[in-house]
There are 2 protein chains.
Amino acid sequence: MAYVYLLDTTLRDGTQGEGVSLTVADKLKIAQKLDDLGVAYIEGGFPGANPKDQDFFRTANDRLHLKHAKLTAFGSTRRPSTKAEDDAGLQTLLGANTPAVAIVGKAWDFHVTEALRIDLGQNLDMIRDTVRYLKRHGREVIFDAEHFFDGFKHNRAYALATLQAAEEAGVDWVALCDTNGGSLPDEIREIVATVVSEVRVQVGIHTHNDGELAVANTLAAVQAGARMVHGTINGIGERCGNANLASIIPNLELKLGYSCLPSRQHLRQLTSTARFVGEVANLVSHSYQPFVGHSAFAHKGGIHVSAIARNSETYEHIQPELVGNERRVLISELSGLSNVQSQAEAFGISVVGRSDDLRTLLEKIKELEYLGYQFEGAEASQELLFRRTLGEFQQPFEVFSVRVDTDVQSEADVTSQAIVKLGVGGEIVHTVCEGNGPVNALDAVLRKALAAHRPEIAHMHLTDYKVRVLDEKDATAAKVRVLIESTDGQRVWRTIGVSENVVEASWEALVDSMNYYLAIVVPQRELVSST
Amino acid sequence: MAYVYLLDTTLRDGTQGEGVSLTVADKLKIAQKLDDLGVAYIEGGFPGANPKDQDFFRTANDRLHLKHAKLTAFGSTRRPSTKAEDDAGLQTLLGANTPAVAIVGKAWDFHVTEALRIDLGQNLDMIRDTVRYLKRHGREVIFDAEHFFDGFKHNRAYALATLQAAEEAGVDWVALCDTNGGSLPDEIREIVATVVSEVRVQVGIHTHNDGELAVANTLAAVQAGARMVHGTINGIGERCGNANLASIIPNLELKLGYSCLPSRQHLRQLTSTARFVGEVANLVSHSYQPFVGHSAFAHKGGIHVSAIARNSETYEHIQPELVGNERRVLISELSGLSNVQSQAEAFGISVVGRSDDLRTLLEKIKELEYLGYQFEGAEASQELLFRRTLGEFQQPFEVFSVRVDTDVQSEADVTSQAIVKLGVGGEIVHTVCEGNGPVNALDAVLRKALAAHRPEIAHMHLTDYKVRVLDEKDATAAKVRVLIESTDGQRVWRTIGVSENVVEASWEALVDSMNYYLAIVVPQRELVSST
């Protein structure tokens, strides 16, 4: 079975997508997830153009321990008038200290003479020098031939000459880019086949989705002999996006008989990876996205259900479990119950002989998920839900009322004030606090109210706060989901709140976080320190 | 130039999409818009299965005056044990009184014996009788061969026999359905070519997007000889959706040399049609959707901009005007004076001899971007910033103070109340309103305050609300960025707000949206209607 190398460029080309903006911490989280999925190369950024990407590579080299992927930095060929060793961009590229580098260069004659305003031979020299220089520094080198397909159509000999220049200099891969994203599968297939017969190095494909054909174009290129595929998770990227790896991977693995992940087990992480990236990039993933979408294997009752019970092939093109997704009408209560049971046991709750309670819990989970809760990213809230429903929880404090006021007098003069009344340690505490926003004020007032009876609250703090609008078409009347991450310096836990009111959703997640800390983290820590 | 007949099934198969629900009035509006675009057939519904669709056809026959399209009703072959003339479904289908009908029948032997539990010959009789009966009643008949491609792979002779049965009975079209949506372009091409050589009637193609290949599969079928294409606007439909006509049409017209609309002038309505359907179906259209998306021709600064100024082909696969979309130059931190200048001119602001003002503006943009603003997704706020800074803006109202209170008494009892004091039309308005969240309350109170002096505010509404936490590590004290999308049913505009206080950031984006509508959209609309 032929192997196809995946180069994921979510962290580089993906961030060119409108509205995509990732912090260094976001990028590290995504890189780890991509390595877990098993991609061969992670293109992490363009350090020569973006100081944030320099930070990313520095931190990644220290902190990430990649099992499968080679970290790859992106840059461009040297400038026309400098030597490679004097080119600032190439120095920064080497400074990223990655095992592999990708460099983009011109392959369309028109762009050489018009955009760079140099002659065609000079561009070939730039490609040759750059590749040679990077190879001398021990890097695996991928040459991204920009506008290759358009270039080939205008001046075939010159487009091929750019690849040959890279090849002469010892390049490891030439990646053919459909930069404008408008090529058709037949053209791609024919041109890739020509390239494969004309060069000796391995060939890659890099497509964009401007014609809604990026996946088809990529598959056509692989069938014509390309062995490296560039793409992004969920297809995010400039204009209409890059080729979508979340669709390309299963098409290659399950339909065309290629291998591109370490094992079939890895393929099962596809759906969770796609959703994780959507969540971190704060881009709504489309429920009808092929393979990984929430609706991708949703069957509307009727005859479909019984037909599927007999033979799922009758109404499904693949088995959803293969990509870690699930069929939606057929979630059997039995398999659901066994999941809930094993989860309860993982929390240390004994459930022997309590199948009625488990059934109640399962109903409750389904209801909450229907309302927009997603416990995958909020295990602390999940544990609280299990403990409350199964009667294994003692509430450390009780909330009677909360109120937040925000005054905007002018842009420079905005204050929020929170007032809370709660019961803790047998007393009623009524207190007030300011913050630079309503949620910050709620956090502050809750700590203040708890401080006298539960001074240990000072040892925990919030480290992350995310807001996600559900059903965006309802605009300001839509539900929001708030995720909060907290830590006491040792453990990290996450909680969730869902409401049409962002203040209430935040409050719910905040209260859960403090409950979890006081009722679960603190007693376990005391247990550890007393033994 | 070969003509390809478009059958739009947005109103039938499209409504199978999760979350899609259209009233009769919605369907009428969409049908009119599809006829304006110039599709050949509008499949309006399944009257035998859905009484709402019976209403639709009744009303459509009375009220719609279609210039290009034939209204088409959908049904299925007669039941196994009845005669066609006694079959209730077929009576309802004829009762829709449409010039054309589409009937679905089984083409996969397995489904005949397993789902229908009849023998293979009986199914052929059902197809033959049904087509003959509908032809006798003067209808143009399209036979939708369900699961045709899977059926062909399992039992080629039988799949072809179903088409031949329809042909013998006088069918006008056989449409080959990739019901499970998992076929690959090569398979489709080969099978369609075989069918075209084996039957004498014209062939159509009906694909689904489960492999993210529906557009490619459709194009492959047309290249193999199919002359009717089934699809939906924006690709809405069950599971992962149907083939997306908004991408298929320009690929056929502009790239493959087929004709499928009455004229190139009609093609220019593609973008507005796609956005209209998204709006009426209440499905957020994706900004990066190929051809018709808001980001489809958005360029980020630097060398791209100057290259495009010289020759747009260098970074665009087609000219955006051909499909009624537009080029957008994204102003970002990297951009220079020339970007700002060309942007100002695009807004219709004369900047000749004002390079000092432009420099001030550029400084301001950079400062705001440093603070977390991102104008690439918020052109309306960008235009307001340009106009304010260049002295080309008259504020329609002035805000003196705003206050929002949120009370959480219990999970079920949460209210937000907003109080605003503003100046409009020479008066001071002081008013209060409730909402199901602080932002919803702000939206409501602002409309209420403006209603007396600017009643046109009722014609715009918010369609999307997004919150992004910047610097997430600061948790609840972090800055947030709010993006709001609004529409008056024709134009769509986006605004932005950034603050450490989510209420203030939302308020800023809301006020910008209403300012933009009142000061820019309304006067332009009046200009158009008075000429």
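A crossing of two helices is called right-handed if the near helix is turned clockwise from the far one by less than a right angle. The exercises below concern a predicted model.

**Exercise 1.** Determine how helix α8 of chain A is oriented against helix α9 of chain A, and which residues make the contact.

*Solution.* Begin with the geometry: α8(A), residues 185-198, and α9(A), residues 214-223, pack with their axes 8 Å apart and at an angle of about 25°. Because angles under 35 degrees count as roughly parallel, α8(A) is roughly parallel to α9(A). Next take the handedness, which for α8(A) passing α9(A) is that of a right-handed crossing. Then list the residues in contact: α8(A) contributes A:Pro185, A:Ile188, A:Arg189 and A:Val192, while α9(A) contributes A:Ala216, A:Asn217, A:Ala220, A:Ala221 and A:Gln223. Sorted by class, this contact has 6 nonpolar, 2 polar and 1 charged residues.

**Exercise 2.** Decide whether B:Asp119 is buried or exposed.

*Solution.* First locate B:Asp119, which is in the loop between α4 (109-116) and α5 (120-136) of chain B. Then count its neighbours: because a residue with 12 or fewer C-beta atoms within 10 Å is exposed, B:Asp119, with 12 C-beta neighbours inside 10 Å, counts as exposed.

**Exercise 3.** Describe the largest nonpolar core and the surroundings of A:Phe143.

*Solution.* The largest nonpolar core has 195 residues, and those with the most contacts inside it are A:Phe143, A:Leu176, B:Phe143 and B:Leu176. Leaving aside residues up to four places away in sequence, A:Phe143 touches, among others, A:Ile103, A:Ile127, A:Val131 and A:Trp173. Another core, of 103 residues, lies apart from the largest one and includes A:Ala344, A:Val414, A:Trp507 and B:Val404.

How values were computed. Residues are numbered from 1 along each chain as its sequence is written. Chains are lettered from A and ligands numbered from 1 in the order in which they are written. This is a predicted model: local features need pLDDT of at least 70, side-chain atom pairs count only at pLDDT 80 or more; totals for chains, interfaces and linings use all residues. Axes are lines fitted to C-alpha atoms, for helices over the stretch in contact, and angles run from 0 to 180 degrees between N-to-C directions. Helices (H or I, at least four residues) and strands (E, at least two) are DSSP runs, numbered from the N terminus. Angles under 35 degrees count as roughly parallel, over 145 as roughly antiparallel, 65 to 115 as roughly perpendicular and the rest as oblique. Two residues are in contact if their C-beta atoms, placed from the backbone, lie within 7 Å. Ala, Val, Leu, Ile, Met, Phe, Trp, Tyr, Cys and Pro count as nonpolar, Asp, Glu, Lys and Arg as charged, and the others, Gly among them, as polar. A residue is buried if 20 or more other C-beta atoms lie within 10 Å of its own, exposed if 12 or fewer, and partly exposed in between; C-beta atoms are placed from the backbone. A nonpolar core is a set of buried Ala, Val, Leu, Ile, Met, Phe, Trp, Tyr and Cys residues joined through C-beta atoms within 7 Å.
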